[in-house]
Amino acid sequence: EMRVSAVLLVLFAGSLAVQGTVYFKEQFLDGEAWKSRWTESKHKSDYGEWKLTAGKFYGDAEKDQGLQTSQDARFYALSSRFEPFSNEGKTLVVQFTVKHEQKIDCGGGYIKLFPTDLEQADVHGDSQYYIMFGPDICGYSTKKVHVILNYKGKNHLIKKEIKCKDDELTHLYTLILRPDQTYEVKIDNEKVESGTLEEDWDFLPPKKIKDPEAKKPEDWDDRAKIDDPEDTKPEDWDKPENIPDPDAKKPDDWDEDMDGEWEPPMIPNPEYKGEWKPKQIDNPSYKGVWVHPEIDNPEYTADSTIYKYDNIGVLGLDLWQVKSGTIFDNFLITDDEKLAADFGAETWGATKVGEPDSSLALPPRANVCACVPPHECDTMGVCFSWGKKQEPEKKMKEEQEEQKRKEEEEKSKEQEAEDGAEHEEEDEEEEDEEEEDEEAGDTRSPEEGEEDEAVPTKDEL
């Protein structure tokens with residue numbers, strides 16, 4: 001028994017050793033107490049107001065509450081402070097959920113990580129930040145995920161285009177920066193982009209540059225084809241492009257005193273062959289395309305610390321929205337990729353399953369059913385209550401869509417009624433005009449009417 005206990009103790013200690021560090025987590029599970037942890041900027045007097053809500057549809061009215069933008073055409077500036085840390089030698093994972101349930105037309109859905117010396121009450125668009133990450137939508141042209149990293153005081157945009165989600169559902173956004181200078185962007189717990197910091201941002205000068213001393217030799221021939229010097233133009237090649245029409249005749253009533261000298265119209269010459277060009281042959285002196293030789297860039301210096309930020313201490317929402325209604329929730333900053341993925345599945349995963357058109361798979365099969373009676377496990381080892389919790393969210397969404405459909409039908413019926421009334425008025429006007437014509441009588445004589453009827457039509461002829 002002692003040996004078994006010792007083994008279990010070692011395993012438990014090992015599990016603690018590999019457990020990641022959570023630097024910041026916010027799920028808004030304590031109601032209005034969030035206001036004590038978040039600070040609104042006073043830099044502008046007309047910043048938009050935030051409210052705590054689960055939105056129009058949700059899986060759990062309490063657990064799915066987040067911060068929602070509530071006023072149209074406003075800037076928003078809000079931030080929360082945590083114990084400052086450095087990610088030197090460690091992975092940095094930033095994660096949160098966004099739900100644009102208002103069907104956003106133009107506005108940001110991103111977060112910013114600030115250094116700990118940030119003055120929260122004065123946060124604004126020009127406040128220096130370490131990282132800006134998340135979706136940005138404006139019209140049809142801008143639907144992308146921003147990944148902007150600060151390096152030596154300058155913000156650098158990622159050179160790749162990462163498309164964001166633009167529907168009304170909740171989505172999970174994850175950014176991973178690793179000490180080996182690689183990165184990964186995930187949406188809904190699935191990788192959408194990855195690479196190296198040095199290649200996908202312009203943090204450093206290029207390693208190689210064109211040799212400023214090198215020049216293409218004057219005798220370098222880069223023409224792959226040349227004119228055949230032995231090819232000659234045929235003697236009968238030159239023909240005019242247009243010639244007088246041989247079939248044209250001067251009109252009988254042409255008066256040269258009045259109309260001037262008659263000239264036949266011009267027509268394309270069927271014998272015209274166009275401009276003559278000698279045929280092309282391979283250039284015996286061709287040396288290929290000259291490539292400008294490169295040399296090591298004297299201004300380039302490798303930097304293995306691009307990924308590192310020394311005093312991360314504030315997470316903020318600093319953005320603009322035309323149409324409000326976006327809900328932010330499930331914020332997480334950690335150094336553990338697996339912990340972040342599991343947290344996303346437990347939070348966003350539970351909410352997502354209840355939303356319409358969800359493609360999220362069920363949670364992994366459980367080895368042991370851990371459901372508390374009277375709940376039971378299904379074939380995937382998932383408690384029935386887990387799935388049923390999502391039914392209200394789906395039902396609410398369906399009811400909203402049904403209500404919208406009925407309103408559209410009512411509008412359509414009203415429009416049809418208005419159109420019918422307009423047609424009746426037009427018919428009455430036409431009847432009045434016909435009565436006036438009958439009273440005036442037909443001005444044609446019977447003979448004229450008979451003659452008109454006797455005239456054969458074009459088809460009869």
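Me: Which helix holds aspartate 257?

Reply: Aspartate 257 sits in helix 3, residues 256-259. One caution before going on: this is a predicted model.

Me: Why is aspartate 257 called exposed?

Reply: Its relative accessible area is 75%. Exposed means over 50%. The value for aspartate 257 passes that mark, so aspartate 257 is exposed.

Me: What makes the patch of negative charge on the surface around Asp257?

Reply: Asp252, Asp253, Asp255, Asp257 and Asp259 gather there. Asp counts as negative. Like charges are joined within 9 Å.

Me: Which residues make the patch of positive charge?

Reply: Lys56, Lys103, Lys323 and Lys404 gather in that patch on the surface. Lys counts as positive.

Me: Where does lysine 404 lie, and why is lysine 404 called exposed?

Reply: Lysine 404 lies in helix 6, residues 391-440. Its relative accessible area is 53%. The cut-off for exposed is over 50%, so lysine 404 qualifies.

Me: What makes the nonpolar surface patch?

Reply: Phe75, Trp320 and Val322 make it, and the patch is about 250 Å². Tryptophan 320 belongs to strand 21, residues 312-321.

Me: Why is tryptophan 320 called partly exposed?

Reply: Tryptophan 320 has a relative accessible area of 32%. Buried means under 20% and exposed means over 50%. A value of 32% falls in between, so tryptophan 320 is partly exposed.

Me: Let's turn to the inside. How do you know that valine 93 is buried?

Reply: Valine 93 has a relative accessible area of 1%. Buried means under 20%. Therefore valine 93 counts as buried.

Me: Where is valine 93, and what does valine 93 touch?

Reply: Valine 93 is in strand 6, residues 92-100. Not counting residues up to four places away in sequence, valine 93 touches Thr174, Leu175, Ile176, Leu332, Ile333, Thr334, Asp336, Glu337 and Ala340. To be called a contact, heavy atoms must be within 4.5 Å.

Me: How many residues apart in sequence are valine 93 and lysine 338?

Reply: They are 245 residues apart in sequence. In space, their C-alpha atoms are 9.9 Å apart.

Me: Is glutamine 120 buried or exposed?

Reply: Glutamine 120 is buried. Glutamine 120 is in the loop between strand 8 (111-115) and strand 9 (131-138).

Me: Which residues is glutamine 120 in contact with, leaving aside neighbours within four places in sequence?

Reply: Thr39, Ser41, Ser79, Ser80, Arg81 and Val314. As for leucine 78, it is 42 residues from glutamine 120 along the chain, and their C-alpha atoms are separated by 7.9 Å.

Me: Now the charged pairs. How do you know that aspartate 30 and arginine 37 form a salt bridge?

Reply: Their side chains meet at 2.7 Å, N to O. A salt bridge needs the nitrogen within 4 Å of a carboxyl oxygen. The distance of 2.7 Å meets that cut-off, so the pair counts. Side chains of opposite charge can pair when their charged atoms come close.

Me: What links Glu26 to this pair?

Reply: Glu26, Asp30 and Arg37 are linked in a network of salt bridges.

Me: Why are aspartate 30 and arginine 37 called partly exposed?

Reply: Aspartate 30 has a relative accessible area of 40%. Arginine 37 is at 30%.

Me: What makes lysine 35 and glutamate 32 a salt bridge?

Reply: Their side chains meet at 3.4 Å, N to O. The cut-off is within 4 Å, so this is a salt bridge. Lysine 35 is exposed at 52%, whereas glutamate 32 is partly exposed at 47%.

Me: How far apart are the closest N and O atoms of lysine 216 and aspartate 222?

Reply: They are 3.2 Å apart. That is within 4 Å, so this pair is a salt bridge.

Me: How many salt bridges does the count come to?

Reply: The count comes to 23 salt bridges.

Me: And how many helices and strands does the chain have?

Reply: The chain has seven helices and 22 strands. Of its 461 residues, 35% count as buried.

Definitions and conventions
Residues numbered from 1 in each chain as written. Predicted model: local features only at pLDDT ≥ 70, side-chain atom pairs only at ≥ 80, totals over all residues. Heavy atoms only, no water. Patch = residues over 30% accessible without salt bridge, like charges linked within 9 Å, V, L, I, M, F, W, Y side chains within 5 Å. Areas by Shrake-Rupley, 256 points an atom, 1.4 Å probe, with all protein chains shown as cover. Charge placed at Lys NZ, Arg CZ, Asp CG, Glu CD. Helix = DSSP H or I, 4+ residues; strand = E, 2+ residues; numbered from the N terminus. Buried < 20%, exposed > 50% of the residue type's maximum accessible area, 1.4 Å probe, protein only.
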